[in-house]
Amino acid sequence: MIVSQETAMSRIIVNTPGQGLTVPEEIVQAAGLTGEPVEIAIKDGGIFLHRSTSIDEAKVRAEALERIFERSRKIPLHGLSIRELIDEGRR
């Protein structure tokens, strides 16, 4: 089986309706889904597995926060506190 970031294919057999679905390890690794909830959608007879929208949004927020913190480390405050800067901005 060839697994890449663009296309990851695998075969599974669903024997008992209503039972949990196990996603093959190759798919999990290729998609980076370890420990994440996913949604399963059916469209035009195909079955699609994708990240939960809330997980995607949480990742975007976490990455934005990390960028903010990273940039803030590069800006010196010269001994002032954030509160002092806020108060100065109000004057």
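A salt bridge, for this talk, is a side-chain nitrogen of Lys or Arg within 4 Å of a carboxyl oxygen of Asp or Glu. Hi everyone, let's start with how the structure was handled. This is a predicted model, where local features need pLDDT of at least 70 and side-chain atom pairs count only at pLDDT 80 or more, while totals for chains, interfaces and linings use all residues. Residues are numbered from 1 along each chain as its sequence is written, and side-chain values use heavy atoms, with hydrogens and water left out.

How many salt bridges does a search of the whole structure find? The search gives four. One of the pairs is Arg-90 with Asp-87, whose closest N and O atoms are 3.5 Å apart. Both residues sit in helix 3, residues 82–90, spaced three residues apart, or about one turn of the helix. Helices here are DSSP runs of H or I with at least four residues, strands are runs of E with at least two, and both are numbered from the N terminus.

For accessibility, buried means under 20% relative accessible area, exposed means over 50%, and partly exposed is in between, with a 1.4 Å probe and protein chains only. Arg-90 counts as exposed because its relative accessibility is 62%, whereas Asp-87, at 30%, is partly exposed.

Next, Arg-91 pairs with Glu-88, and there the closest N and O atoms are 2.9 Å apart. Arg-91 is exposed at 74%, and Glu-88 is partly exposed at 48%.

Then we have a network of salt bridges linking Glu-66, Glu-70 and Arg-73. Within it, Glu-66 and Arg-73 have their closest N and O atoms 3.9 Å apart.

Now for the strands. Strand 1 (residues 38–43) and strand 2 (residues 46–51) run antiparallel and are joined by six bridges; strands pair if DSSP finds at least two bridges between them. Ile-40, for instance, has Leu-49 in strand 2 as its bridge partner. The two strands form a hairpin with two residues between them, and Asp-44 in the turn has a positive phi of about 50°.

Finally, which residues form the nonpolar patch on the surface? They are Leu-21, Val-38, Ile-40, Ile-42, Ile-47 and Leu-49, with about 570 Å² of accessible area together. Strand 1 and strand 2 are the elements that give two or more residues to that patch, and strand 1 has the largest share, three residues. Patches take residues with over 30% relative accessible area and no salt bridge, joining like charges within 9 Å and nonpolar side chains (Val, Leu, Ile, Met, Phe, Trp, Tyr) within 5 Å. Areas come from the Shrake-Rupley method with a 1.4 Å probe, and for residues only the protein chains shown count as cover.
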